[in-house]
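Biologist: Could you please go through this structure with me? I would like to take one topic at a time.

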Amino acid sequence: LDGDVILLADGTFTGPGNRDIHFDGKILTLRSANGNPAHVIIDCQGTAADPHRAFIFDHSGEPPEAMIADLTIIGGFASGPDWTEFSGGALFVWLADPSFENVSFRGNTAEYGSSGRGGAMSVTQSESDFERCMFDDNYSRGSGGAGWLQYHGGTFTNCVFGENDSWIHGGALDMS
């Protein structure tokens, strides 16, 4: 229900039900119970042959009160012939405005042939806020190793961008 808070216990979450998560327009908060992102990991286990993201906010209109907090996302992989498939390895946001606080995005990829946008995240026609987030070791075959922001974008407050890479341009962010 709107306003619900979902607390995750320490551990690594994998497989169906723990990836490709949609809020479906609901105003939810999903966060670790202890507040330490190193102790709560979503491992998407995505590959080029079997792509998976952690979260998908696609046309669902979530407001900034919908929040992901205090966790780590690894192993996201976006791939496919359409931009909605090859953008945002760990996180895809389109026409929604969820917020992210103290989230670590590590080792995520976006690629399909010579394309790919936003190794960790893609934010399109949205105004998502990222506060105290870490982007490290993410890769895009096209642009924006950490992220691709298009037609609006988002705000980044006290975020850290480490070793992110892209094949074409925008090692950290591509704001085209």
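Modeller: Strand S2 and strand S4 (residues 40–43) run parallel and are joined by 3 bridges. In this predicted model, local features need pLDDT of at least 70 and side-chain atom pairs count only at pLDDT 80 or more, while totals for chains, interfaces and linings use all residues. Residues are numbered from 1 along each chain as its sequence is written, and side-chain values use heavy atoms, with hydrogens and water left out.

Biologist: What is the bridge partner of Gly11 in S4?

Modeller: Gly11 has Val40 as its bridge partner in S4. Strands here are DSSP runs of E with at least two residues, and helices are runs of H or I with at least four, numbered from the N terminus. Two strands pair if DSSP finds at least two bridges between them.

Biologist: Which strands stand at the edges of that sheet?

Modeller: The open sheet has 6 strands in the order S2-S4-S7-S11-S15-S19, with parallel pairing. Its edge strands are S2 (11–13) and S19 (160–161), each of which pairs on one side only.

Biologist: Now the other sheet, please. In what order do the 5 strands come?

Modeller: The order is S5-S9-S13-S17-S21, in an open sheet with parallel pairing. S5 (55–58) and S21 (173–174) each have a single partner strand, so one side of each is left without a neighbour in the sheet.

Biologist: How many bridges join S5 to S9?

Modeller: There are 4 bridges between S5 and S9, which run parallel. Asp58 has Trp94 as its bridge partner in S9. S9 also pairs with S13 in the parallel sense, over 4 bridges, and Val93 stands opposite Val123 in S13.

Biologist: And which way do the residues of S9 point?

Modeller: In strand S9 (residues 91–94), Leu91 and Val93 point one way, Phe92 and Trp94 point the other way, and all are buried. Buried means under 20% relative accessible area, exposed means over 50%, and partly exposed lies in between, with a 1.4 Å probe and protein chains only.

Biologist: Let us turn to the whole protein. How many helices and strands are there?

Modeller: The protein has 0 helices and 21 strands. Its radius of gyration, taken over C-alpha atoms, is 14 Å, close to the 16 Å that the globule rule (2.2 Å times the number of residues to the power 0.38) gives for 176 residues, so the protein is as compact as a globular protein of that length.

Biologist: What share of the residues count as buried?

Modeller: Of the 176 residues, 48% count as buried.
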